Amino acid sequence: MFSWSMRWAGQSVGNVVSDAAALPGLEEMPGLVRTVRTPEFAGVTFHEVMARSALNHVPATSDVPFRWTINPYRGCTHGCVYCFARQTHSYLDLDTGADFDAEIVVKVNVAEVLAREVARPSWGREAVALGTNTDPYQRAEGRYRLMPGIIEALAGSATPFSILTKGTTLRRDLSLLAEAASRAPVMMGVSLALLDETVQETLEPGTPSPRARLELVRSIRAAGLPCQVLIAPVLPLLTDRDDDLERVITAVAEAGATSASVMALHLRPGAREWFLRWLGEQHPELVEPYSELYRGGSYVLKSYASDLAERTRPLLRRFGLNRPSAWRQPSRDSS
Ligand code: SF4
C-alpha cells in the first residue's frame, strides 16, 4: 500500500486533484494518463489509463459459456473480502487488500477501443461477458460512465452479451439495455448470496444492501430483461443453514429472477488471506473449521459442495429457478 498524501499537494482541477506524473511503482502501468482524487470518493484514487484493447479472449480450454470478456475497471470499490480478482492487483505492484478496494484503474477510452474492435470484419459476434472479474457498475461508473458506450458498441454490432453486477448504478442504463436486447441477446445478472445486512456490511463493505440488490432485480425484470441471480459465495457455517438458503432463494424468486445458481465460497490465493483475516476478526471460532473445510486449497471439500447442491436443488426447482447459468464457472473455479 502506498502513502499518497504528499502527492496531491497543489495540483487541482475544479474539485479534482490530479498528478500527471506516474507514481512510484506505477511508472510501468501501461497507458497511464493521470491519477485522480475527488471529494465524492473519499479515500479512493483513480488511475486513468488509455487501454490498447477492450476485448479479452477467454482461453479455449475454459468451459465458461462466453469467449470474450471486457473489464472497464481494475480493482473494485465494492471491496468484498472474498473477491478472487484481488490477485490481479499484484500485477500492478499494488496490494491485494486495501489497494484493490481503493486504487482503481479506469480504462477511460474502453468504449472507443471496443467500437473499433467490433467493427472489424473479422469480429465473430461471440458472446461477451462483463462482470466476471471486477464489477462494471461499481461506484466509479457513476463518475466515468463507461458502460453506455460499451453497451452501444456491443448492440450496434449485434454482439450478444451478459452483465453480472452488485451495483445499482446499472439502473441508469436500463433503457439502453432494453434497446440493446432488441438487437442481440442480453442477459443480466445480479450477485446476492445473503440477506443479513450485519454480515454484508463487513463482508462486502462497499456494496449496495441485499434489499437494494433485490430491488435491482425487480427493476431489471420491469425493463423486460431476463435476470439471473448468482447466489454466491455461500459461506460454510455462516450463511448456509437451510433456513438461510430458503430465505434468500425465496426472496430472489419473489423479486422476479428468471433463474439462480448457488455456489460455495472459494478461497484462492490473493483472496484467501483477506477472507481469513476477516474470519479471524468476526468469527474467530470458525478459523479452525474453515482450515479443515479448505484443507485441499482454494476449494471447499467436495462433500460439502455436494451437500450444498443437494440441499438447494429442490428449492431452486420449487421456484422454477433451476436453469443453466450464464456465468457457469470453469470446473472448480468461481466467484
Ligand atoms: S463486487 Fe465483484 S469484483 Fe467487486 S469486490 Fe465484490 S466480488 Fe470483487
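**Contacts in a predicted model**

The side chain of serine 157 comes within reach of the backbone oxygen of leucine 154, at 3.1 Å. The model is predicted.

Visitor: Is serine 157 buried or exposed?
Guide: Serine 157 sits in the loop between helix H4 (147-156) and strand E10 (161-165). Buried means under 20% relative accessible area. Serine 157 has a relative accessibility of 6%, so serine 157 counts as buried.

Visitor: Which residues does serine 157 touch, not counting residues up to four places away in sequence?
Guide: The side chain of serine 157 reaches the backbone oxygen of leucine 154. With residues up to four places away in sequence not counted, the residues touched by serine 157 are Val118, Trp123 and Arg125.

Visitor: How many Å separate the backbone oxygen of aspartate 99 from a polar atom of the side chain of histidine 89?
Guide: Histidine 89 belongs to the loop between strand E7 (73-74) and helix H1 (98-102). Its relative accessible area is 0%, so histidine 89 is buried. Not counting residues up to four places away in sequence, histidine 89 touches residues including Leu94, Asp99 and Phe100. From the backbone oxygen of aspartate 99 to a polar atom of the side chain of histidine 89, the separation is 3.4 Å.

Visitor: What separates the C-alpha atoms of isoleucine 104 and cysteine 76?
Guide: Isoleucine 104 lies in strand E8 (residues 103-107) and is buried, with a relative accessible area of 0%. Among the residues touched by isoleucine 104, not counting those up to four places away in sequence, are Gly75, Cys76 and Thr77. Isoleucine 104 and cysteine 76 are 28 residues apart along the chain, and their C-alpha atoms are separated by 6.5 Å.

Visitor: How many residues of the shell around the ligand are charged?
Guide: The ligand is surrounded by Cys76, His78, Gly79, Cys80, Cys83, Phe100, Asn133, Thr134, Asp135 and Lys166. Asp and Lys count as charged, so Asp135 and Lys166 fall in that class. By class, the shell has four nonpolar and four polar residues, and the number of charged residues is two.

Visitor: Is the crossing of H8 and H11 left-handed or right-handed?
Guide: Helix H8 (residues 242-254) and helix H11 (residues 302-318) pack at an angle of about 35°, with their axes 10 Å apart. In this contact, Asp242, Leu245, Glu246 and Ile249 of H8 meet residues of H11 including Leu308, Arg311 and Leu315. The residues of the contact of H8 with H11 divide into five nonpolar, one polar and four charged. The crossing of H8 and H11 is right-handed.

Note on methods:
Residues numbered from 1 in each chain as written. Predicted model: local features only at pLDDT ≥ 70, side-chain atom pairs only at ≥ 80, totals over all residues. Heavy atoms only, no water. Helix = DSSP H or I, 4+ residues; strand = E, 2+ residues; numbered from the N terminus. Buried < 20%, exposed > 50% of the residue type's maximum accessible area, 1.4 Å probe, protein only. Polar contact = N/O pair within 3.5 Å; in protein donor to acceptor, adjacent residues only side chain to side chain. Contact = heavy atoms within 4.5 Å. Near = heavy atom within 4 Å. Axes fitted to C-alpha atoms, helices over the stretch in contact; angles between N-to-C directions. Left-handed = near helix turned anticlockwise from the far one by under 90°.
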